[in-house]
Amino acid sequence: MEKMCPFSLLILLALSIFGPNLVNADTHRQTPPPIFILGDSTADVGTNSYIPDCKAAANFPHNGIDFVNSRPTGRFSNGLNSADHLARLFGYNSSPPPFLFLHSLKHGLQLGIYRGVNFASGGSGLLDDTGLQLNVLNLPQQINQFVTVRENLIASLGHESTKALLAKSLFCISTGSNDIFVYFKIRSTMPKEEFINHLMEAYENHIKTLYSLGARKFGIISVPPVGCCPANRLLNETRCFEPMNDFARCFHSALDKLMCNLTSELHGMKYALGDTYKMTIDVIDNPHPFNFKNVDTACCGHGALKAEGICNATASLCSDRRQYIFWDLFHPTDAAAWLAANTLYGGPTLYVSPINFAQLAAEK
C-alpha cells in the first residue's frame, strides 16, 4: 500500500539556528487568513475516514494515542500533524475541518467554510492514477471539492467579496512523494527526467486551475528525501535508499523553477516553497539538538525498524514519542510535525523561499 512519506513535516534544523526569529501562535494577533489545504497524508486531518472502502485510513489505535482522550482521528500521527500546527501558528484554535466532514453536516458547507477547509487525502498524489487502488481522493477531486466551497461562498458573500476573500487566503499543497513511491513500486522504465517533467506538468495544471478559481497565495511543500522513511530503509539494509532520494532532489529543483516561472506568468500570484529535502537531511544527520534519539525506526509498527507493518492496535509502541522522528513506517510524530510547522511558518530562506509562510500571509 503506497502512502506518502511525510518528511515534509520534519523541517527542524532551522529551529535551533534561527529559533528566536520564529513566530508562534501566541504572538500572532492579526485576523488569520482562511487556509485551504490540499495534498496527501502529510496534511490529512480525517478525510479518508469519510470515504467508504478507503484502504488508506488511520482511524484506529494506536493512531491518536496522544490526541485528546487518546482518540484516533484519521490523522497518520500519534497526535496532530503539520496542518494542525500551521493553523495554530496562524491564530486558529484548531485546523480547518475536512470537506467531507462539513458535507456530512446539515449546514456545514454554508457555515463552516469561512476559515478554510482541508481537502487532503492520504495516499493521493499529483497524478490522477496515484492512489487509485486505495480509493482515495486525487487532486482533481480535491479541487472539485474546492469548487463546491467556492460556490457556497459566492452564494453567501457575492462574487466580489468571495474574490477578495480567496485572494488573501492561503492555499497549502503538500504532495508528490506518493507518485515517486509508485514509480519505484511498479518498476517504471520511464526515464527520470521524463517522469519529473510529467509531474511538473500535472503540478502546473493544478496550480493554474486553482488560480483560475481565485487562489493567489500558494504555500508549497516539496518532496523530502523519501528514501529515508523506515519502510524504504528496508530496501537498503536500514540505510536511506538513495535512488528515491535522487528523484526527490530532482523534484525540488524542477518545482523551484516551475514556481518561479508561474509567478511571471500569473499576475498577482505569490508563493513560499519549502525545500524539504535539505530540511530533512539536516535533521537526520544531526538529530540531538532537537532532543530526538531515533531517526530511522518507527515508534509504532511491526518487524524490522517497526516498518514491516502498519501502526495498529497490535503493533509495538515506543514509550516516549518525543524522542522519535517517525511515528510509523512513513509518517512523523506530533513532535516532529510541530517543529516542522514552525519552520514553514517562520523559517529562513535557507529552507523556505523566496519567503516563508508567515510572510506570504502578510503579502498584500
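This is a predicted model: local features need pLDDT of at least 70, side-chain atom pairs count only at pLDDT 80 or more; totals for chains, interfaces and linings use all residues.
Let's start in the middle of the sheet. Strands β3 and β4 run parallel, joined by five bridges.

Strand β1, residues 35–39, pairs with β3, residues 170–174, in the parallel sense. Five bridges hold that pairing too. Phenylalanine 36 stands opposite phenylalanine 171 in β3. Leucine 38 has isoleucine 173 of β3 as its bridge partner.

How many of the residues of β3 are buried? Five of five, so the strand is mostly covered. Leu170, Cys172 and Ser174 point one way from the strand. Phe171 and Ile173 point the other way. Both sets are buried.

Step back to the whole sheet. It is open, with six strands in the order β2-β1-β3-β4-β5-β8. Pairing across the sheet is mixed. Which strands sit at the edges? They are β2, at 116–118, and β8, at 352–353. Each of these pairs on one side only.

Next, the helices. Helix α8, residues 192–212, packs on the sheet. Helix α10, residues 242–265, lies across β4 and β5. Strand β5 covers 270–274, and α10 runs at about 170 degrees to it.

Then helix α11, residues 276–285. Why call α11 largely enclosed by the rest of the structure? Because seven of its ten residues are buried. Those are Thr276, Tyr277, Met279, Thr280, Asp282, Val283 and Ile284.

On to proline 348. You will find it in the loop between α12, residues 334–346, and β8. Is proline 348 buried or exposed? Its relative accessible area is 16%. The cut-off for buried is under 20%, so proline 348 counts as buried. Its C-alpha atom is separated by 18 Å from that of alanine 336, twelve residues apart along the chain.

Last, the empty space. Rolling a probe the size of a water molecule over the atoms shows where such space is left. The largest pocket holds about 390 Å³. Its lining has 25 residues. Which of them lie nearest the centre of the pocket? Val45, Phe67, Arg71, Thr73 and Arg75. By class, the lining has nine nonpolar, nine polar and seven charged residues.

Methods:
Residues are numbered from 1 along each chain as its sequence is written. Side-chain values use heavy atoms; hydrogens and water are left out. Two strands pair if DSSP finds at least two bridges between them. Helices (H or I, at least four residues) and strands (E, at least two) are DSSP runs, numbered from the N terminus. Contact means heavy atoms within 4.5 Å. Axes are lines fitted to C-alpha atoms, for helices over the stretch in contact, and angles run from 0 to 180 degrees between N-to-C directions. Buried means under 20% relative accessible area, exposed over 50%, partly exposed in between (1.4 Å probe, protein chains only). On a 1 Å grid over the protein atoms alone, a cavity is a set of points where a 1.4 Å probe fits but cannot get out, and a pocket is an open set with protein on both sides within 12 Å along at least five of seven lines; lining residues have an atom within 4 Å of a point. Grid points are joined across faces, edges and corners, and a volume is the space filled by probe spheres set on the points. Ala, Val, Leu, Ile, Met, Phe, Trp, Tyr, Cys and Pro count as nonpolar, Asp, Glu, Lys and Arg as charged, and the others, Gly among them, as polar.
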